[in-house]
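Hi,

Here is the structure I promised to pass on to you. Have a look at it first, and then read on for what turned up when I went through it.

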Amino acid sequence: LLSQESPSGALKAVLRKVPGKEKKEEKQFLEVWDQNCEVKSIDLTPPGKHGTIYDDGPFACLAWSHSETRLLYVAEKSRPKPRPPCPWDVPGAGRPEEEDEEVGAMCPVSTPLVLQEEQFVYREDWGEALSTRSLPVLCVLDLEGSSLSVLEGIPEHLSPGQVRMGCRESSGGGTTAWGCGTSLPVAQALWSPNDCGVVFVGWWHEPFRLGLNACSNRRWVPPPSIPRQLLSSEHGAVCSPRLSPDGRRLLYLEGGLGGPHRQCLRLRMVSGALRAPATAVSPCAAGPSATLAAFAGLYTEVLPPRCWAADSRRAVLGTPQRSRTCLSAHLRAPVYSLSPGSPEGCWELLTLQWDLLVATCSAPHHPPSLMVAALPPAGQELPLCWVPVEDTPTVPGVTWTTLTIQPPCSRQSPATHGEDTLAALVAAWVTFLLAPGGPHAVFDARWRPSMAALCQLGFAVLLVNYRGSLGFGQASISSLLSRVGEQDVADTQLAVEQALCSEPLDPHRLALLAGSHGAFIALHLLAREPKRYRACALRSPVSNLPALLGTSDIPDWGRMGAGCSVLDTGHPPSAVPQVQTPVLLCVGARDRRVSPTQALELYRVLQARGVPVRLLWYPEGGHALAGVETAADVFGNCARWLLRHLVQ
C-alpha cells in the first residue's frame, strides 16, 4: 500500500494489507526490509489506539525519523463501538440497580462503547474519493520497542494530513507539531531535522468539511488559544512542505483561499533565520530572456518528494506552461527551464538525489521515456545534457500540433485573451472533440493511452484549453468566474471552427467526448448546434450547475461558478429540448463531486423527447470512474457508441 526508503537508503518501510473473507477481517502490517531481507513485521490492525491506517489520498503518510528508529503515519481516529441493545433501551426508562449483574451478562461491556442513540449519527467525511476519511490522527511507531502512540495536542477542529504552516511549540519537551494544509498525496507529514517536531497538514473542518480532492484552496487558520510561531499567511492555502538537505529551509506552495479550486500558486520558503516566509517565486514571475521566457506561473499539484539540490539553494519542479509541462529550477534566482527546446510536450520530475535528476518525458505520440541528467552548479544550469535510460518508441500514424487561438474582444483585458489549443491530429475521417473537466484543469501535450487508442481507431482528436484552464496565468483562471457556460463554451466552439478551417477534417462527422465540467460544455454545444455533432459520450456529467450547491462535496465551487449565469447559460436541462444527438451517459453511483442523479435526470428528459440515449451505471464507481475494469469498460463502450453512430 505504501513504501518509504529510510534517510540513509539502507532500510525500507512497507505498509502491507492482508485481505480477509470480510472487510473487517483485513489485517495491516508494517514491515521493515534491509535489502531483500525482512527484519521486522508489526501487526498494525486497529488495536484500539486508532482505526484503519490511511494508505492513499491526501492523508496518506509513511515517514522515517532521521534516527531511523521511528515511523510516522496517519490513521482514522478510534471510535467507540456500538453497545449491544439492552432491555432498558427505552426512551425515559432507567436502569434498575438490581438488574445490573443480570443484564451485564446479556450486554457484555467492551471498551469503548457508544450509546445506541449515537450509533446512526451522521459522520462527515472529506468528500469525493475520501468517503472513509473523517477524523485523522498522527501516529508514531517506535521500531525499537514496537510501541505505538498517537500524537496529542492537535486542536479538535483541525484534521492532520499534509502541511498548512503554523508552528505549535511544546513547553515540556517531547514532540512538537507544526501545522499546514492542502489536498495533495505525497509526503503528508515529515519529521523536523532533530526529530523533535512533526510537519503535518491541519485542515479546518468547522463548521463542516468540504471536499479536498483536486481542491488546493481549503482554509487553515491557527487557533489563537494555541502558543505558536506563525510561519505562513494566516489566510493562505499552503501545501507540499519540503525540508532542504541541510535542514535549514522549508519550501512549500501557497495559494489564495476560496475562488477557483485550482489556481496559480506561489513558491514560498522559511529558513531558520526568518520569522516570516519569503516568496521564492511569485504567481507569474517571468525570468530574463536567457531563462524561462514568459513564465506563466506555478500550477503543480504537489512538489516532488525530493526536489532540493544538494546545495540547499535550488529546487526543481515541473509545472504546466500553456499546453506543455516543463521542468524548471527555482529559488531566489531567475527561473531556468531544464527542458528548453524539447520536442516532447510533458516533462515530470521523479526524484532529485545527489544532484542527479531522474525524470520522464512524453508526448501525445510518444509514451514516457526515463531520462537522467546531472544538475550543474548554480548559475551553470544550461545547457543540461539529458541521457535516456529507457527510451520508448513512438506510436506510428499519430502526429500532433498546437493551435493558437485568439478569442474576440470581450469584457476581459487583452492579457486574458491568449489561448492555446492542443490537438493530436491524424489523417482521419472523423473529428473527435474533448474539453477538459475541472473546470480549472489543463490538457498538456503528454502521453494519453486513451487518446492514442482513439487515433488508432481513425479519430482525429482535438483537446481544447479554454480561458480558465491552468497554465495561462491567474488572470485567465479568474476570467471564468461567473462566466461558466458562456466563456468556456464560446472558446470551445471557436476552437472547433478554427480546427475545421486549418486542418483536413470532415465537418459532417464530428463527435463529442467529455467528462464532468467538459460534459457541461458538451451539452451546451449540443443545444447550440443540434445538427452539427453526430454522437456524444459523457462521463460523470454536470447537467445542472445550481444543483451542485446542495449535492456536491464542493458546494463553494457551484456558487463561484454559477454567478449570475444560472438559467440562461449555466443550466443545460433548460436547453435539452434542442438536443437531437445520440448521447451515452457513464456515471458512478458513488460520485460525491457531481451527484449521479444529474445524469439520471438528463437520461429521463432525453428519453421523453425520443433522443437516442443510453445510461451506464457503475455501482462502485466514483467521479473519476477509475479502476482498471471500470475504466476499460467505459472506454470500450464510448468508442463503440461513437463508431456506431458516426458510421451510420
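W386 has a relative accessibility of 16%, so it counts as buried, the limit being under 20%. Please keep in mind throughout that this is a predicted model. The ring of W386 forms an aromatic pair with W347, and the pair is tilted, with 4.8 Å from centre to centre and 50° between the planes.

How many aromatic pairs does a search of the whole structure find? The count is three. Elsewhere, Y54, F59 and W126 come together as one aromatic cluster.

Another tryptophan, W354, may interest you for its backbone. W354 lies in the loop between β25 and β26 (356-363), and its phi is near 50°, a positive value in a residue other than glycine. Is W354 buried or exposed? Its relative accessibility is 78%, so W354 counts as exposed, which takes over 50%.

The C-alpha atom of W354 is separated by 7.3 Å from that of A309, although the two residues are 45 apart along the chain. A309 has its place in the loop between β21 and β22 and is buried, at a relative accessible area of 1%. Leaving aside neighbours within four places in sequence, A309 is in contact with P245, R314, L352, D355 and L375.

The loop between β21 (278-281) and β22 (315-321) also holds S312. S312 is another residue other than glycine with a positive phi, here near 60°. With a relative accessibility of 1%, S312 counts as buried.

Now for the strands. β10 (residues 136-142) has six of its seven residues buried, so this strand is largely enclosed by the rest of the structure. Strand β7 (residues 70-77) pairs with β10 in the antiparallel sense over seven bridges, and A75 has V137 as its bridge partner in β10. β10 also pairs with strand β11 (residues 147-150), again in the antiparallel sense, over four bridges; here C139 stands opposite V150. The hairpin of β10 and β11 has four residues between the strands, and in this hairpin S146 takes a positive phi near 55°.

There is also an open sheet of four strands, ordered β1-β2-β3-β4, with antiparallel pairing. Which strands stand at its edges? They are β1 (2-5) and β4 (37-43): each has a single partner strand, so one side of each is left without a neighbour in the sheet. On average, neighbouring strands of this sheet are turned by 20° against each other, direction ignored. The antiparallel pairing of β1 with strand β2 (residues 11-18) runs over four bridges, with Q4 opposite A13 in β2.

One more strand residue is S271, in β20 (residues 266-271). Its relative accessibility of 17% makes S271 count as buried. Not counting residues up to four places away in sequence, S271 touches R248 and R249.

On the helical side, M451, A452, L454 and C455 are buried in helix α2 (residues 449-456). These four cover an arc of only 155° around the axis, which puts them on the same side of α2. Just after α2, G458 takes a positive phi of about 105°.

Finally, some totals for your notes. The secondary structure of the protein chain comes to nine helices and 36 strands. Of the 648 residues in the protein chain, 55% are buried. Among contacts between residues at least 6 apart in sequence, 63% join residues at least 24 apart. The chain exposes about 27800 Å², and carbon and sulfur atoms supply 55% of that area.

Best wishes

Note on methods: Residues numbered from 1 in each chain as written. Predicted model: local features only at pLDDT ≥ 70, side-chain atom pairs only at ≥ 80, totals over all residues. Heavy atoms only, no water. Helix = DSSP H or I, 4+ residues; strand = E, 2+ residues; numbered from the N terminus. Buried < 20%, exposed > 50% of the residue type's maximum accessible area, 1.4 Å probe, protein only. Contact = heavy atoms within 4.5 Å. Phe/Tyr/Trp six-rings, centres within 6.5 Å; stacked < 30°, edge-to-face > 60°. Pairing = 2+ DSSP bridges. Axes fitted to C-alpha atoms, helices over the stretch in contact; angles between N-to-C directions. Areas by Shrake-Rupley, 256 points an atom, 1.4 Å probe, with all protein chains shown as cover. Arc of directions from axis to C-beta.
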